[in-house]
Amino acid sequence: MFMTADHISHSLREQRLKAGYTQEQLAEYLDMAQSDVSKIETGRKIPDAVTYENWLWRCQNPPKRYEFYYDRRRGQHA
């Protein structure tokens, strides 16, 4: 399948919005500038293959958050 720059930028933006990320959040996860995320989504910059795959993976696999509690009586983490 042939993908145009417009198709790529539109699909990546849709994935980000579907995942509920802001441009700033996604940029932090991908270790890139927010302006680069904006340029990719508007079609002014085409992502390389690694960025494209990482973008899709991060939007489909949100980071897990763990909470740890400390039991002061036992001196242990619960």
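Me: Which residues does Tyr21 touch, not counting residues up to four places away in sequence?

Reply: A contact here means heavy atoms within 4.5 Å. On that criterion, and with residues up to four places away in sequence not counted, Tyr21 touches Arg16, Leu26, Tyr29, Arg58, Cys59, Pro62 and Pro63. This is a predicted model, in which local features need pLDDT of at least 70 and side-chain atom pairs count only at pLDDT 80 or more, while totals for chains, interfaces and linings use all residues. Residues are numbered from 1 along each chain as its sequence is written, and side-chain values use heavy atoms, with hydrogens and water left out.

Me: Which residues make up the largest nonpolar core?

Reply: In soluble globular proteins, nonpolar side chains tend to be buried together. A nonpolar core is a set of buried Ala, Val, Leu, Ile, Met, Phe, Trp, Tyr and Cys residues joined through side-chain atoms within 4.5 Å, where buried means under 20% relative accessible area, exposed over 50%, and partly exposed in between (1.4 Å probe, protein chains only). The largest such core has 12 residues: Ile8, Leu12, Tyr21, Leu26, Ala27, Leu30, Val37, Ile40, Tyr52, Trp55, Leu56 and Cys59. At least two of its residues come from each of α1 (5-19), α2 (23-30), α3 (34-42) and α4 (49-60), helices being DSSP runs of H or I with at least four residues and strands runs of E with at least two, numbered from the N terminus. The largest share, four residues, is supplied by α4.

Me: Which residues of α1 are buried, and which are exposed on the other side?

Reply: An α-helix has 3.6 residues a turn, so residues three or four places apart point the same way. In α1, the buried residues are Ile8, Ser9, Leu12 and Arg16; they lie on the same side of α1, because they cover an arc of only 95° around the axis, the arc being that of the directions from the helix axis to the C-beta atoms. On the other side of α1, Asp6 and Lys18 are exposed.

Me: What do the buried residues of α1 pack against, and what is Ser9 in contact with?

Reply: The buried residues of α1 pack against α2, α3 and α4. Ser9, with a relative accessible area of 6%, is in contact with Ile40, Glu41 and Gly43, once its neighbours within four places in sequence are left aside.

Me: What follows α1?

Reply: Gly20 follows α1, and its phi is positive, near 85°.
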